Amino acid sequence: MLIQSKPSWTIREGQETPESIYMNRRSLMKGFAGALAAGCVGGLSARVFAQEGRARLDAPRNEAYRLDRELTPEEVNLTYNNFYEFGAHKRISGNAESNLVPRPWTVEIDGLVNTPMTLDVDELIAKVGGLEERLYRLRCVEAWSMTVPWIGFPVSALVNLADPLSGAKYLRMETFNDADMANGIRSQPWYPWPYVEGMSMAEANNELAFMVVGAYGKQVSNSMGAPIRLHLPWKYGFKSIKSIVRFTFTEERPVSFWEEISDGREYGFWANVNPEVPHPRWSQATETVLHTQERVPTLLYNGYGEQVADLYSGMEGELLFR
Ligand code: MTE
């Protein structure tokens, strides 16, 4: 595959600290001067309108999933995103809020299952039964991190609904591929659209694996991957695919989007967080907490080793940590 443009992740060591992006409600109120200085006027106005249009989701918090640090303010999360379908930079929120149409949204469940189905995302949410809120960390491979109050359901509930055949070893997921809705698809033809990700069945059935449909008490924003995205908190953020339209149960391990782009050299299939395994071009030992700009040590499996380390016993020969 010919790569004509490098993703922002292709930064040199020492340059991975993101620009300061924190903007709270008060600074928003200060008006256009602050917004202009941050270079995101379009994004902000689109975001305010879009937020008003998103339904509230009242889901009980599952207290089993707590954090040792404060939540990332919603404003930060809404306007600092990776969503290459809308551009290879962090300021995609205005574009995503204006152009992604998250409802109606059809989801397909197919492959090695007893119950293949095509259904509306809200029908899927109703079928899996019961949403909950979980406070999770998110560690991007670029060495920044957030903490997010996600709302959703365990991936295992989707697995149960699909009722996979015994031959199913992996769950492959695919993002929409509509260049009219996301102009980055057309303007960056060198990327292997659609965005694809995957996980093993053991990972899918792990209690931490979470399908996200909301955040901060509302439906999830377009910039964060409406109407349905994944979050695997022990892996680098690129595994957590956004705006999913298809779930396929397969015997073959799927090749994920960034794995294909980097030919497995920089971004692998497993991509578990490990501070001791550097990215080929920068250290993963520490991370910048986005809203404070504080540099803190990165934890093995992003702090979730107790729940997930067992998944990888006997797999030492695999590239588990990039
Ligand atoms: N999913 C799709 N479809 N397209 C993307 O570009 N970026 C990934 C992941 N999911 C991406 C995606 C990366 S690199 C990260 S770090 C997270 O989404 C970022 O999620 P956030 O923008 O909600 O913080």
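Reply: Two strands are said to pair if DSSP finds at least two bridges between them. This is a predicted model, and by that rule five strands form an open sheet in the order S2-S1-S10-S5-S6, with mixed pairing.

Me: What makes strand S2 and strand S6 the edge strands?

Reply: Strand S2 (117-120) and strand S6 (196-200) each pair on one side only, and this puts them at the edges. On average, neighbouring strands of this sheet are turned by 15 degrees against each other, direction ignored.

Me: How do you know that strand S5 and strand S10 pair?

Reply: The rule asks for at least two bridges, and S5 (residues 170-175) and S10 (residues 244-250) are joined by six bridges in the antiparallel sense. Thr175, for example, stands opposite Ile244 in S10.

Me: Which strands does helix H7 touch as it packs on the sheet?

Reply: Helix H7 (residues 155-162) touches S1, S2, S5, S6 and S10, and its direction makes about 65 degrees with that of S10.

Me: Why is helix H6 called roughly perpendicular to H7?

Reply: The axes of H6 and H7 come within 10 Å and cross at roughly 95 degrees. Angles of 65 to 115 degrees count as roughly perpendicular, and therefore H6 is given that description relative to H7. The contact is made by Leu124, Lys127 and Val128 of H6 together with Ala157, Leu158 and Leu161 of H7; by class, these comprise five nonpolar, no polar and one charged residues.

Me: Why is strand S3 described as largely enclosed by the rest of the structure?

Reply: A residue is buried when its relative accessible area is under 20%, and eight of the eight residues of S3 (residues 132-139) are buried, so the strand is largely enclosed. In a regular strand the side chains alternate between the two faces of the sheet. Here both faces of S3 are covered, with Glu132, Arg134, Tyr136 and Leu138 buried on one side and Glu133, Leu135, Arg137 and Arg139 buried on the other.

Me: What joins S3 to strand S4?

Reply: Eight bridges join S3 to S4 (residues 144-154), and the two run antiparallel; the bridge partner of Arg139 in S4 is Ser145. S3 and S4 form a hairpin with four residues between them, and Ala143 in the turn has a positive phi of about 75 degrees.

Me: Why does Asn183 count as partly exposed?

Reply: Buried means under 20% and exposed over 50%, with partly exposed in between, so Asn183 at 43% relative accessibility is partly exposed. Asn183 belongs to helix H8 (residues 183-187), and, leaving aside neighbours within four places in sequence, Asn183 is in contact with Glu85, Phe86 and Asn95.

Me: What makes the pair of Tyr84 and Tyr191 edge-to-face?

Reply: Planes over 60 degrees apart count as edge-to-face, and the planes of Tyr84 and Tyr191 stand at 90 degrees, with 5.8 Å centre to centre. Tyr84 lies in the loop between helix H4 (74-79) and helix H5 (93-99) and Tyr191 in the loop between H8 and S6, so the pair ties together parts that are 107 residues apart in sequence. Both Tyr84 and Tyr191 are buried.

Me: Why is the pair of Phe86 and Phe176 called tilted instead?

Reply: Planes under 30 degrees apart count as stacked, those over 60 as edge-to-face and the rest as tilted. The rings of Phe86 and Phe176 have their planes at 55 degrees and their centres 6.4 Å apart, so the pair is tilted. Phe86 and Phe176 are both buried.

How values were computed:
Residues numbered from 1 in each chain as written. Predicted model: local features only at pLDDT ≥ 70, side-chain atom pairs only at ≥ 80, totals over all residues. Heavy atoms only, no water. Axes fitted to C-alpha atoms, helices over the stretch in contact; angles between N-to-C directions. Contact = heavy atoms within 4.5 Å. Buried < 20%, exposed > 50% of the residue type's maximum accessible area, 1.4 Å probe, protein only. Parallel < 35°, antiparallel > 145°, perpendicular 65-115°, else oblique. Nonpolar A, V, L, I, M, F, W, Y, C, P; charged D, E, K, R; others polar. Phe/Tyr/Trp six-rings, centres within 6.5 Å; stacked < 30°, edge-to-face > 60°.
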